[in-house]
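Please look at the sequence and the model first, and then work through each solution in order.

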Amino acid sequence: MLKAVIFDLDGLLVDTEIISYHVYREIFKKYNINISKESYVLNYCGKTDITSISNIIEEYKLPLSVKEGLKLIRERESEYIAKGVELKKGARELLDFLRSQHIKTALATSSDEKRARRILISTNINDMFDKFLRLRSKCEFQSSILQVSELVLFQVPLRCMKCEFIIILSFVDL
């Protein structure tokens, strides 16, 4: 019997990549640089903000420090999140089902907790998780499902959620 499910947040439960695209597009536009969705996906999507803004500053020789760039990103992203973030189709229903079956859920994300909580609150799923797990980097999710299982499932979540190894699922977007 299934005992627990561990979810990634960005791109799996909520559609935050479109928000990131708009934020980065606005930053580029401020410096008279046009960026297509394809270019964003190839060069910045799925990377940490620090990595992305560092690459942007270096590639386009922008007169910004990484700290200033991150501040721009955080401010604009917060405004978008305040307007609401769209849940992926079926996410709420799946979480409701798991709750009705008394199956524990955890959220594992590389996002900082404050940002993640704002998103969870804006989508009314903040109370759907038994455990919040912050990972050090997105690369832990961008490897294979097996590697994610090794990194995520067999460490902290199991001890925190008191579950057996063989009865946990992990959902991530790759």
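This is a predicted model: local features need pLDDT of at least 70, side-chain atom pairs count only at pLDDT 80 or more; totals for chains, interfaces and linings use all residues.

**Exercise 1.** Work out how α1 and α4 are oriented to each other, and which residues form their contact.

Solution. Helix α1 (residues 17-30) packs on α4 at an angle of about 130°, with the two axes 9 Å apart. The two helices are therefore oblique to each other, and the crossing in which α1 passes α4 is right-handed. On the side of α1 the contact involves residues including Ile19, Val23 and Ile27, while α4 contributes Leu72, Ile73 and Tyr80, among others. Sorted by class, this contact has seven nonpolar, two polar and four charged residues.

**Exercise 2.** Describe in the like manner how α3 packs with α4.

Solution. Helix α3 (residues 49-60) and helix α4 (residues 66-83) meet at an angle of about 120°, their axes being 9 Å apart. That makes α3 oblique to α4, and their crossing is right-handed. Among the contacting residues are Ile50, Ile53 and Ile57 of α3, together with Val66, Leu70 and Ile73 of α4. By class, the contact of α3 with α4 comprises six nonpolar, two polar and two charged residues.

**Exercise 3.** Determine whether β2 and β3 pair in the parallel or antiparallel sense, and follow the chain between them.

Solution. Strand β2 (residues 104-109) pairs with strand β3 (residues 131-134) in the parallel sense over four bridges, and Thr109 stands opposite Arg134 in β3. From β2 the chain crosses through helix α6 (residues 113-122) to β3, in a β-α-β crossover that is right-handed.

Definitions and conventions: Residues are numbered from 1 along each chain as its sequence is written. Side-chain values use heavy atoms; hydrogens and water are left out. Axes are lines fitted to C-alpha atoms, for helices over the stretch in contact, and angles run from 0 to 180 degrees between N-to-C directions. Angles under 35 degrees count as roughly parallel, over 145 as roughly antiparallel, 65 to 115 as roughly perpendicular and the rest as oblique. A crossing is left-handed if the near helix is turned anticlockwise from the far one by less than a right angle, and right-handed if clockwise. Contact means heavy atoms within 4.5 Å. Ala, Val, Leu, Ile, Met, Phe, Trp, Tyr, Cys and Pro count as nonpolar, Asp, Glu, Lys and Arg as charged, and the others, Gly among them, as polar. Two strands pair if DSSP finds at least two bridges between them. A crossover is right-handed if, with the strands pointing away from the viewer, the path from the first strand over the helix to the second runs clockwise.
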